[in-house]
Amino acid sequence: MTDISADLLALITTLKMAAVTTVILLIIGTPMAWYLAKWQSRFKVFFEAVVALPLVLPPTVLGFYLLLAFSPTSLPGQLWQSATGSQLAFSFSAIVIGSVLYSLPFVVQPLQKAFEQLGEHHLEAAAMLGAGPIDRFFSVVLPLTKASFITATALGFAHTVGEFGVVLMIGGNIPGETRVLSIALFDHVEAFNYANAHLLSAGLLMASLLLLSLVYLLGNNFNKKQQGAEKL
Amino acid sequence: MNANKSSDISDEQLTVEQPKSAAPSTLALAFKLTFSHLEISIKQNISISAITGIYGDSGSGKSSLLRVIAGLELRAKGQISLNGTALQDSDNKGFIKAEKRQIGLVFQDSRLFPHLSVYQNLAYGAKRQINRQLTIEKVLALTQLDQLQHQNVTLLSGGEKQRVSIARALLAEPKLLLLDEPFSALDKSTKSQMLTILKAIQQQLQLPMLYVSHSLSELQYIANQLVVFSAGKIIQVAPIHQAIHQLNSRGETSPKTSLSLTIAEHLPDYGLTRLTLPATKSKSHNIYLPILEQSNSQRLIGQQLPCIIYARDISINKTKPEHSSIVNHLPASISVIQYNKTNALVTLKTSEQEFYAQISLWSAKRMALTTQSKVYIQFKANAVHSYYFTEPTPNA
């Protein structure tokens, strides 16, 4: 396999991992953010701290504990194996689970903040007009927090693309399964293949910059609209 | 209640003049709601035939009462029912959710959906209704919003926002409409326009309403019954004029006479409108106020106009004041003289109508006023106040 086609495979694996992770993050992160925003309890800070942990923890720490948990000798690893018939550690599923935990704060925090700012006012108005809770979420909450959903999606995706330590610990370096761009880059550097390393690095840098610029652009436009809305 | 939603409301009836009668709605309240600074404890049945006003100081719990009825205060404990249907029964863990109660609530701060246009805001409530009797077009006409239906709601003025808010609530076809100080942020002329529109809507749709305000003059214009609220308790439920007169003796508000007068004729040459107060079967007293309409329009003739005359604006004469610039003078007999620290509040009767006059202690002594004395009361046309707006009829 040439370096270029190997890198392409790594790119596809990376995008697949990031896409699957982002979808899962939105599905589990939205209700988590909702409960954290509405919950009024002393224990809330503890759960907020747990969600924020990946922001400060070295990824290798998270990876190490996940590796232990995923191994066929531990209970989660055994349950996975009996349910799916394959080993969890060093699989695509493992790096997705790792990424979900690692990128959780990047999705939950912007959503939680948006839900807190939205408050109860418009939700109460919707209830008085006959809208039930699910209806209210899709007809009021989602459109009014659209910008935060875009931010959360973009940050979750971008952060997952850029992750290294967790994947290295629990995924290893299996082409087409767990070999993602950041690991491919590390391989190139170790092999003194700087030309390919430059290509990947510059590519990742530009893509991340573009994505973030787009997010801030959308965020700014939406904030201007929201300032008008606050007068209501 | 189903009779109220009769489908025979046609555009020809879009006038204020012919109110249809409907059986009053009964709201049975027995609940407690505790805050750190206030305990709201209410046990009261309220019969609502048109608009019932809820009056009280800010922080007395008026808004919370509406939120409990609406189903937005989950901490309230007790029983609440509307026309015999239980909305909440804490003993049996019964609680109908806000979205299932068929009760409308117009908030002080509009709470329009900023991502939707005026029309879409109205459609929001209408779409979620199974038995639709009202069309969006009809409600747009009732609230005079036809021209604004495609507007972005964030660009509307305060009065327009509240009209959208009312229209949106009407389209959810509630059995009871709650209004929480809906016009308190508006200037006086917009407010009187809104009050007139709201009153016309109430008469047109025969929808019972609970209207919360801390402004007694606003409530006097719009409500036919008043619930007085103080420190979390209902202290009085009475017909509007009677309730206001009872507040006079409590000394918390500036004493005033509250009465409804019949509009008799406009006198453009004199700049006055003549109103009548029934005296005997065949005779009535005339009361004049600054002209309501410059034209000779017959539209308002025969209608009842709620008016307020402050006690400080009424004076007492022992003889008929025939040579005065003051246009209003009526014979009266004194029924009560209440001496206060700095003045005397005199209650007088003309026919069956009570009037209140506030005079100095000195005048009371000098004139040697006693109960049963036959006197004349007089007040300027300008002293007769009413929330009246010159374009009350919605353009159908």
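Figure 1. The domain assignment places domain 1 of chain B at residues 2-252 and domain 2 at residues 258-383. Contact between the two involves 8 residues of domain 1 of chain B and 6 residues of domain 2 of chain B. On the side of domain 1 that touches domain 2, two or more residues come from each of helix H6 (216-222) and helix H7 (240-250) of chain B. H7(B) gives the most to this side, with 5 residues. By residue class, the side of domain 1 of chain B that touches domain 2 comprises 3 nonpolar and 5 polar residues, with no charged ones.

**Figure 2. The open sheet of chain B.** Five strands of chain B form an open sheet in the order S2-S1-S4-S5-S6, and their pairing is antiparallel. At the edges are strand S2 (39-48) and strand S6 (94-95) of chain B, each of which pairs on one side only. Strand S5 (residues 85-89) of chain B is joined to S6(B) by 2 bridges in the antiparallel sense. B:Asp89 has B:Gly94, in S6(B), as its bridge partner. Strands of a sheet pair through backbone hydrogen bonds, in either a parallel or an antiparallel manner.

Figure 3. The largest nonpolar core holds 87 residues, of which B:Leu105, B:Ala167, B:Leu178, B:Leu210 and B:Tyr211 touch the most other members. Helix H5 (residues 188-205) of chain B gives the most to this core, with 7 residues. Leaving aside residues up to four places away in sequence, B:Leu178 touches B:Leu66, B:Ile69, B:Ala70, B:Ile103, B:Gly104, B:Leu105 and B:Leu210. In soluble globular proteins, nonpolar side chains tend to be buried together.

**Figure 4. Two loop residues of chain B with positive phi.** B:Arg111, a residue other than glycine, has a positive phi near 55°. B:Arg111 is placed in the loop between strand S7 (103-106) and helix H2 (118-127) of chain B. B:Arg111 counts as buried because it has 22 C-beta neighbours inside 10 Å, and the cut-off for a buried residue is 20 or more. B:Gln206 likewise is not a glycine and has a positive phi of about 55°. The loop that holds B:Gln206 runs between H5 and strand S9 (209-213) of chain B. With 19 other C-beta atoms within 10 Å, B:Gln206 is therefore partly exposed.

Figure 5. The secondary structure of chain A consists of 11 helices and 0 strands, in the sequence pattern α-α-α-α-α-α-α-α-α-α-α. Along the principal axes, the C-alpha atoms of chain A fill a box of roughly 65 × 40 × 30 Å. Chain A has 232 residues, of which 36% are buried. Of the contacts in chain A between residues at least 6 apart in sequence, 73% join residues at least 24 apart.

**Figure 6. Helix H10 of chain A and the residue that takes a positive phi just after it.** Helix H10 of chain A spans residues 181-190, and its buried residues include A:Leu181, A:Ser182, A:Ile183, A:Ala184, A:Leu185 and A:His188. Just after H10(A), A:Phe192 adopts a positive phi of about 55°.

**Figure 7. The contact between chain A and chain B.** Here 17 residues of chain A are in contact with 22 residues of chain B. At least two residues of the chain A side come from each of helix H6 (121-128), helix H7 (133-144) and helix H11 (194-229) of chain A. H6(A) supplies the largest share of this side, 6 residues. The chain A residues that touch chain B divide into 10 nonpolar, 5 polar and 2 charged.

**Figure 8. Confidence along chain A.** The mean pLDDT of chain A is 89, with 95% of its residues at 70 or more. Within chain A, confidence is highest in H6(A), at 96, and lowest in H11(A), at a mean of 81. Where pLDDT is low, the predicted coordinates should not be read in detail.

Technical notes
Residues numbered from 1 in each chain as written. Chains lettered and ligands numbered in written order. Predicted model: local features only at pLDDT ≥ 70, side-chain atom pairs only at ≥ 80, totals over all residues. Buried ≥ 20, exposed ≤ 12 C-beta atoms within 10 Å, placed from the backbone. Helix = DSSP H or I, 4+ residues; strand = E, 2+ residues; numbered from the N terminus. Contact = placed C-beta atoms within 7 Å. Nonpolar A, V, L, I, M, F, W, Y, C, P; charged D, E, K, R; others polar. Pairing = 2+ DSSP bridges. Domains from an automatic or database assignment. Core = buried A, V, L, I, M, F, W, Y, C linked by C-beta atoms within 7 Å. pLDDT = per-residue confidence, 0-100.
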